[in-house]
Amino acid sequence: MLAPPTDSAAPRPSVLTGRRNVVAAVLTALVASLLLFVPMRSAHAADTLLSQGKTATASSAENAGTPASAAVDGDNGTRWSSAAADPQWLQVDLGATAHIGSVTLNWEAAYAKSFQIQTSADGTNWTGIYSTTTGTGGNQTVSVNGSGRYVRLYGTVRATQYGYSLWEFQVFGTVDGSTTPPAAGTLLSQGKTASASSTENAGTPASAAVDGDNGTRWSSAAADPQWLQVDLGATDTISQVVLNWEAAYGKSFQIQTSTDGTNWTSVYSTTAGTGGVQTLNVTGSGRYVRVYGTARGTGYGYSLWEFQVFGTAGSGDTGGTGPTSPPTGPIQGGGDLGPNVKVFDPSTPNIQAQLDQIFAQQESNQFGTQRYQVFFKPGTYDGLNDQVGFYTSVSGLGKNPDDVQINGDITVDAGWFNGNATQNFWRSVENLAIKPVSGTDRWAVAQAAPFRRIHVEGGLNLAPNGYGWASGGYIADSKIDGTVGPYSQQQWYTRDSSIGGWVNGVWNMVFSGVQGAPAQGFPNPVYTTLNTTPESRDKPYLYLDGNNYSVFVPNLRTNASGVDWPNTPGTSIPLTQFYVAHPGDSAATINAALAQGLNLLLTPGIYHVDQAINVTRANTVVLGLGYATVIPDNGVDAVKVADVDGVKLAGFLIDAGAGNSAQLLQVGAPGSNASHAGNPTTIQDVFARIGGAGPGQAQTAFEVNSNDVIIDHTWLWRADHGAGVGWTTNPSDYGLRVNGNNVLATGLFVEHFEKYDVEWAGQNGKTIFFQNEIAYDAPNQAAIQNGSIRGFAAYKVDDNVTTHEGWGLGSYCNFTADPTIIQDHGFEAPTTAGVKFHDLLVVSLGGMGQYAHVINDTGPGTSGTGTTPSTVTSYP
């Protein structure tokens with residue numbers, strides 16, 4: 001992030017930034033050159049065509065006449081074609097593990113420019129064995145060297161405005177001698193206990209699908225998603241599932257297994273179900289097996305005459321084995337907060353020395369693994385200066401902010417970075433009162449550094465010492481008695497607060513529900529001011545209830561203005577109702593605790609998970625301390641939230657792992673349609689990072705499918721510096737994808753994704769404040785070509801949306817790899833009366849690339865090197 005100094009001079013890249021980009025370019029070139037010398041296995045004369053006639057599935061089909069199966073039928077007159085969107089995939093199940101020597105792609109006119117060939121042992125975790133960004137179409141035969149039961153084409157950039165289209169997808173190789181296609185095995189499901197998400201009526205129960213009678217059936221409600229599951233009574237090996245559909249069948253569905261009935265693993269997936277009798281060869285194990293339908297083939301529900309599971313019966317052990325198995329007994333709530341939570345009271349000796357010790361370790365520890373939470377018990381503390389470094393949260397343990405009085409300072413400055421505050425990320429302060437020694441406290445931060453529920457008995461300076469560059473930030477539920485001075489801060493968002501005044505702004509200062517905020521004035525002065533915030537629920541926080549810890553959950557507010565304290569309405573939950581997790585705890589244990597009905601408190605540290613943390617119960621609270629960090633391994637999702645009421649996610653970082661996760665956070669399964677208007681899910685101070693701390697990949701950072709979700713302050717960042725950074729090193733297409741209706745974002749920071757940073761498909765969405773930088777490292781114009789459009793918009797509202805509104809949105813470009821790149825639109829949206837935008841801007845940082853327009857074809861483009869915003873005050 002580059003910000004201008006306080007005068008109007010154009011910003012210039014810092015020496016460190018320039019070096020960073022040179023290093024990235026050198027490494028990219030080196031990797032590319034090394035790839036030229038990777039030996040590839042040529043197709044062997046003895047290799048056999050393995051794919052023809054096998055089961056094929058795809059991410060989508062253009063229509064019923066172009067199914068996935070048409071690409072493996074040996075007929076060059078039939079074809080598979082996808083929807084006209086990126087990415088898309090086609091995969092074939094070879095039925096057994098094979099060594100793959102070559103793949104032939106017989107393209108129709110709609111071909112892929114960028115795609116990968118990938119293999120998998122389980123259809124879930126994929127390994128790339130071939131990649132290109134210069135696909136030619138026609139008939140391509142690529143020599144590869146890999147193995148797997150599943151092989152897929154994964155397309156990321158289309159060469160035309162149409163979808164992907166293949167006459168034939170042929171996989172050649174040799175079946176491993178040790179592996180044979182699975183046999184049906186024993187019928188395990190008949191007469192076992194079955195349950196379902198719903199039933200159409202009393203005459204179509206779940207049990208009717210496992211009774212062995214083809215004249216009885218289970219049928220569901222006419223809605224998506226729906227599921228039917230059977231409890232096999234023991235952990236069994238599953239080799240085949242037979243679905244005998246009635247006329248109302250599933251078009252898109254998965255077969256899933258589970259050891260506990262809560263955490264599910266997909267062993268088969270299709271978006272082109274045919275109905276009738278489907279025999280599916282699968283590989284998996286579990287006590288529970290279910291069919292999970294996401295798209296119906298008719299206007300009715302799902303209906304099965306029989307659901308048959310075949311395989312080999314297990315020994316009767318239902319708990320699984322190994323270190324990731326959940327505990328067998330009840331899990332206790334409460335417990336110790338761990339060594340990296342520091343709790344002080346006014347009588348604690350040497351508080352300053354302990355704070356200094358933490359800061360000395362964390363001041364420049366931008367990508368380290370250390371995490372700290374500092375708590376102050378209620379009381380008065382004199383003469384402190386708590387300098388807050390990376391991954392450090394400082395909080396009061398009172399019920400109200402004024403219960404903890406700091407007569408001193410809580411400071412963020414930028415001495416570690418030569419007075420440049422644009423990388424002062426990942427730190428926070430919350431729930432206390434500060435009386436600054438000089439009369440003004442300094443909080444010079446960038447992204448992911450919230451200032452919440454604070455009473456400043458004086459002024460607040462948001463710039464570093466010397467007024468160097470700064471790029472933040474976020475204030476909520478706070479009272480600043482004096483004046484707030486952003487000075488060199490290029491943008492800032494303040495919500496539901498009270499201030500004594502606001503002195504200036506650089507590009508984009510946004511206020512909602514702030515008493516004392518400056519009047520609306522964008523673009524000169526640069527103020528966007530809303531009198532109230534439509535909806536807000538302030539973040540849950542830990543406090544001392546007498547001598548015991550509890551978590552307080554504030555109530556939902558509508559049309560909010562000013563702070564909600566003292567005497568905040570809400571609910572107190574004792575810590576004994578939380579599973580207090582520590583680094584090293586397995587995802588299976590965490591999920592068992594959640595399934596048992598406990599909430600979750602993540603103490604500071606790093607949590608590697610080999611399965612998603614699954615939040616399935618309404619009103620569950622997941623609260624992180626000290627930037628607790630979740631890293632998904634082997635390409636799993638990090639956190640999944642069911643389509644239920646009132647989940648609260650707060651205060652943690654998700655750091656992408658080396659495997660390519662489909663998404664890091666998913667709220668609601670695709671197709672979720674329940675209303676949560678009276679009790680929305682909230683996502684607060686939950687951040688995502690792809691790369692930077694090391695290699696990381698994710699297709700999408702956050703995906704929101706549920707309706708009525710509030711995203712209150714997030715930073716989704718595809719890293720542009722640090723380790724594991726580069727256009728092909730930490731790939732990630734999308735930052736935030738919203739499919740649910742009535743979703744509100746307050747304080748949305750999303751940067752550097754390779755396609756849309758934000759893509760919004762749900763109706764009646766709202767965003768108050770958006771900060772964005774387009775990916776710096778696009779190698780050239782062609783790499784970001786979006787059909788006939790130059791570049792993917794920073795914020796895209798899909799064409800089918802009829803109601804949407806945004807206030808105070810900004811996007812900046814800084815194409816360091818190729819400054820000649822032109823971005824057609826900062827923002828894209830359908831032109832209709834119900835889709836409205838207020839106070840938009842685009843900026844070219846020092847002329848490193850340009851925007852042609854602000855939104856669609858409206859608004860002046862940027863030009864030259866003056867770093868002057870181009871603005872639109874109202875659209876349409």
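Let me begin with Y268, which in this predicted model is buried, with a relative accessible area of 11%, and the cut-off for that word is under 20%.

Turning to the aromatic pairs in general, the count comes to 38. In the pair formed by F253 and Y268, the ring centres are 6.0 Å apart and the planes stand at 40°, so the pair is tilted. F253 belongs to strand 13, residues 250-258, and Y268 to strand 14, residues 265-270, so this pair ties together parts that are 15 residues apart in sequence.

Now consider F425 and W715, whose ring centres are 4.6 Å apart with planes at 45°, so that this pair too is described as tilted. Here F425 sits in the loop between strand 21 (404-411) and strand 22 (427-434), while W715 lies in strand 46 (residues 709-718), so the pair ties together parts that are 290 residues apart in sequence. F425 is buried at 2% relative accessibility, and W715 is buried at 1%.

Both of these residues belong to a cluster linked by ring pairs, which is made up of F367, F390, Y391, W416, F417, F425, W426, W715 and W717. One of its members, W426, has R689 lying over its face, at 4.6 Å from the ring centre. Elsewhere, the charged end of R737 is placed over the ring of Y734, 3.7 Å from its centre.

Technical notes: Residues numbered from 1 in each chain as written. Predicted model: local features only at pLDDT ≥ 70, side-chain atom pairs only at ≥ 80, totals over all residues. Heavy atoms only, no water. Phe/Tyr/Trp six-rings, centres within 6.5 Å; stacked < 30°, edge-to-face > 60°. Helix = DSSP H or I, 4+ residues; strand = E, 2+ residues; numbered from the N terminus. Buried < 20%, exposed > 50% of the residue type's maximum accessible area, 1.4 Å probe, protein only. Lys NZ or Arg CZ within 6 Å of the ring centre and 35° of its normal.
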